[in-house]
Number of protein chains: 2
Amino acid sequence: MFAARIDRLTSSLVRDILAAASRPGVISFAGGLPASEVLFRASPQVLGQLPDDIWQYGQTEGEPALREQVAIRARALGIDCKAGQVLIVNGSQQGIDLVSKLMVEEGTRVLTESPTYLAALQVFRLMGAHFVTAAQDEEGLLPQSVAEADARLAYLVPTFQNPTGLCYSQARRKALAGAFDAQSMVVFEDDPYRDLSFDGPAPSPIISHLKQARWIYQGSFSKTLAPGLRLGYLIVHPDLIQAMTRLKQAADLHSNRLSQAIVTQLLQDGSLDQHVANILPLYREKRDVMQAALLQHLSDKASWGLPSGGLFFWLTLKNEQDVMQLMQEALTAGLAIMPGSAFDPVPHPSSTIRLNFSHSSFEQIQQGIALLGSLIK
Amino acid sequence: MFAARIDRLTSSLVRDILAAASRPGVISFAGGLPASEVLFRASPQVLGQLPDDIWQYGQTEGEPALREQVAIRARALGIDCKAGQVLIVNGSQQGIDLVSKLMVEEGTRVLTESPTYLAALQVFRLMGAHFVTAAQDEEGLLPQSVAEADARLAYLVPTFQNPTGLCYSQARRKALAGAFDAQSMVVFEDDPYRDLSFDGPAPSPIISHLKQARWIYQGSFSKTLAPGLRLGYLIVHPDLIQAMTRLKQAADLHSNRLSQAIVTQLLQDGSLDQHVANILPLYREKRDVMQAALLQHLSDKASWGLPSGGLFFWLTLKNEQDVMQLMQEALTAGLAIMPGSAFDPVPHPSSTIRLNFSHSSFEQIQQGIALLGSLIK
């Protein structure tokens, strides 16, 4: 009855976990939600200044003033771009959908980290991707593996990655850019966590170092402002902007104009940066509370790195254990965690867990980690 | 470099026309914009009542209260449905994109009217559709042609169609429903113009008469409230809701929550119906002004029907004429029109024009039609 691609729509495991996690009384480290208590909420003043023309159809590419602001910020990160290369999207997920439509068809080789963002895997898989993974170390993907990948597209989350929290070193970014330049691969750098950095500015984007390769860079306002705004942006190499714009038009004509008008205001008057500066201490403190709890309860049972940004801890259990079963036991006990295997482009056995530290309260973090410690062998 | 489907992204003719149409001083009958002067604009009171939780991630399916309101209204149209079958989308265009992903792959036979909504054709074509058209008369598609179509999906706009303005008779709707029931075809009824009806309520949806066939029904708030809200909805047969929801999740996680909160309020307190009642007289008057101008200037040069709803007149020129050239001449003279051929699923020669009557002022309508009359042979 359906198109064949529907058979590739992945199982509802993650949806099931997140549904269970939202039950009252469950402590959830499973999702990737920002801290609700410090989300941006548009003030009556901001809402009172919405332009009168936003209720009519708008431009597919996005509001010109917003595209200009995005380009200004991107240039400050070292990305050589103009506002004409900016495409406003309905959240990062739509950006991935558009890139997938542009680049991926049955059998297209897509280079990804392993593990990587699961919702990107879903979309690439839906369009027929064949995933190629490369060796990596604590600085990121290894440059020598890029040539071997023989892929059309590389999808990378090099800054406070979801799920691992890894942030590539500056040296590795430059080396990788060189490796990509030597290939005809398009580089898609997904960068939603950059501003949630606890130890000063993150290294500049990989694509800012490219000299030959075509690229797509993606940012989001979901983590810095509010997910409910559903607003992100793509900045794309000049060779790709026309096709991307047509794909956006075919997808939903244009993005929501209320959200665009609100975010434009916040960028123009500096409120975004102020908001991020205001929320960072809470994120850092939540990370530190989870780190202290992990040290107390899981030191002998798991290993992990301290994330210097983003929303997640990534644990590797020291003793082999069925993490799916552990997840079920934890749920029964009132704790939701996300098995690391959900993030595998190519399934392989591992005893890993992703823990979100941003959405729970301090008390929930302490209780939940203590409970997790008691459940792990 | 790209996926093969990108070769099927249709040319930018329509974009070019609409871009030219937006130049200052150009009278535009080319687009499909609602009347800007009576668009819904959220009041400070409405914006002041936004729930506090809308800034966080929301549910893929949409806000529960909005889905409930949509289902209530659909049942009043005769559609047997529950809120659980409602999927809130980022405007109708996204609904078409999702249905296309669900149903259409390389070579999938899709039954459509001819002409039909061009942006739907774009999306179906992108996913690989093979268009099958059926014979029709002034009451709509002929039921006997449905069986011959041998299609997986039928896409219909039976109520004040874009571009023709045609509204299927009640009898034809029932006969077609019977024909679809005899096939295993999924029926996708796109119904954005229903509420813009100038002569009382439109006949009930085709899918409300189905007994066997699976179906998808689509509505929009772009024409009744405001396109900038980017909000529409799908109501789908129970067999399709799970896959559709996963496709929506993969497309953009969920729709904008500000817009959803605003529209929920308007549906709950009856403001939507009041707003539609308020704007209908203006739409009717604009239609009547264009009709009078057409009668004055084009009676001997074209034939057309008086649309009883929607946004468009559909003209067939009496003398063969190159409409693309006419369109260029009109643009040079400061008037934008849309060649009917843009709406052909399968290209064929025709001397047809779509004229939008909702977006221009009375004076622009009169001047533009007089100008058009002077340009047509």
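## Two roughly parallel helices in chain B

In this predicted model, the axes of helix α10 (residues 271-298) of chain B and helix α12 (residues 362-375) of chain B come within 9 Å and cross at roughly 25°. The two helices, α10(B) and α12(B), are therefore roughly parallel to each other, a label for angles under 35 degrees. Axes are lines fitted to C-alpha atoms, for helices over the stretch in contact, and angles run from 0 to 180 degrees between N-to-C directions. Helices (H or I, at least four residues) and strands (E, at least two) are DSSP runs, numbered from the N terminus.

The residues of α10(B) that meet α12(B) include B:Leu282, B:Lys286, B:Val289 and B:Leu298. On the side of α12(B), the residues include B:Phe362, B:Ile365 and B:Ile369.

## Lys286 in chain A

Helix α10 (residues 271-298) of chain A contains A:Lys286. With a relative accessible area of 1%, A:Lys286 is buried; buried means under 20% relative accessible area (1.4 Å probe, protein chains only). Leaving aside residues up to four places away in sequence, A:Lys286 touches A:Ala35, A:Glu37, A:Phe357, A:Ser358, A:His359, A:Ser360, A:Phe362 and A:Ile365. Contact means heavy atoms within 4.5 Å.

## Aromatic pairs

Rings of Phe, Tyr and Trp (its six-membered ring) pair if their centres lie within 6.5 Å; planes under 30 degrees apart count as stacked, over 60 as edge-to-face and the rest as tilted. By this rule the count comes to 16 aromatic pairs over all chains. The rings of A:Phe124 and A:Tyr155 have centres 5.4 Å apart and planes at 65°, so this pair is edge-to-face. Because A:Phe124 lies in helix α5 (residues 118-126) of chain A and A:Tyr155 in strand β7 (residues 153-156) of chain A, the pair ties together parts that are 31 residues apart in sequence. A:Phe124 is buried, at 0% relative accessibility, and A:Tyr155 is buried at 0% as well.

In chain B, B:Phe221 and B:Tyr233 form a tilted pair, with 5.5 Å from centre to centre and 55° between the planes. This pair links distant parts of the chain, 12 residues apart: B:Phe221 is in the loop between β9 (215-220) and β10 (232-236), and B:Tyr233 is in strand β10. Both B:Phe221 and B:Tyr233 are buried. In chain A, ring pairs link A:Phe124, A:Tyr155 and A:Phe188 into a cluster.

## Basis of the values

Residues are numbered from 1 along each chain as its sequence is written, while chains are lettered from A and ligands numbered from 1 in the order in which they are written. Local features need pLDDT of at least 70, side-chain atom pairs count only at pLDDT 80 or more, and totals for chains, interfaces and linings use all residues; side-chain values use heavy atoms, with hydrogens and water left out.

Key: Buried means under 20% relative accessible area, exposed over 50%, partly exposed in between (1.4 Å probe, protein chains only). Angles under 35 degrees count as roughly parallel, over 145 as roughly antiparallel, 65 to 115 as roughly perpendicular and the rest as oblique.
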